[in-house]
Amino acid sequence: MPSLKTTLLLLTAFLASGCASVLHGDNQSMRVSTFCGQQSVPASCVATNSKGSWPLQTPASILVQKAHDPLTIRCKSPFFAEGVAQVPASPNPMLAGNLVFGGLIGAGVDLATGAGFAYNTVVNIFYPSCR
């Protein structure tokens, strides 16, 4: 049976680590596609936020690092002019739970690492005018 000291140490480590960080991590998978009308078209894109940038060729699934700021996706294609999409970061419900159960330290970790936020998992970029 673990000692009280060991139990308290493990509980403190869990609470200090951030609930969203522990359960969902600080990375997220997304599917990005570009369209001309209803037709899928290939594009060379770069997704960027304060944590880094990720190049991709649409359609594609990418793994991005979560952040509290929007994810900007810039795309170029021979079929349309450069397009830019802003994907807002939404607070993860685990962030609220962390405030209730994990306290300010865990919530602070989730806010600082970006793990307390999430982006839409599917991003479709539609271009109204294309060649």
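1. A contact here means heavy atoms within 4.5 Å. Counting contacts in the protein between residues at least 6 apart in sequence, 67% join residues at least 24 apart. Please keep in mind as you read on that this is a predicted model.

2. Now the overall layout. The protein has 3 helices and 10 strands, and from the N terminus the elements follow the order α-α-β-β-β-β-β-β-β-β-α-β-β.

3. On burial and surface: of the 131 residues in the protein, 37% are buried. The accessible surface comes to about 7,500 Å², and carbon and sulfur atoms account for 66% of that area.

4. Thr58 sits in strand β4, which covers residues 52–58. Its relative accessible area is 5%, so Thr58 counts as buried, the cut-off being under 20%. The side chain of Thr58 makes a polar contact with the side chain of Thr34 at 2.7 Å. Setting aside neighbours within four places in sequence, Thr58 is in contact with Val32, Ser33 and Thr34, and also with Val41, Pro42, Ala43 and Cys45.

5. Lys76 is the next stop, in strand β6 (residues 71–77). Is Lys76 buried or exposed? Lys76 is exposed, because its relative accessible area is 55% and exposed means over 50%. Not counting residues up to four places away in sequence, Lys76 touches Ala43, Ser44 and Glu82.

6. Cys45 and Lys76 are 31 residues apart in sequence, while their C-alpha atoms are 6.3 Å apart in space.

How values were computed
Residues are numbered from 1 along each chain as its sequence is written. This is a predicted model: local features need pLDDT of at least 70, side-chain atom pairs count only at pLDDT 80 or more; totals for chains, interfaces and linings use all residues. Side-chain values use heavy atoms; hydrogens and water are left out. Helices (H or I, at least four residues) and strands (E, at least two) are DSSP runs, numbered from the N terminus. Buried means under 20% relative accessible area, exposed over 50%, partly exposed in between (1.4 Å probe, protein chains only). Accessible areas come from the Shrake-Rupley method with a 1.4 Å probe; for residues, only the protein chains shown count as cover. A polar contact is a pair of N or O atoms within 3.5 Å; within protein, one must be able to donate a hydrogen and the other to accept it, and residues adjacent in sequence count only if both atoms are side-chain atoms.
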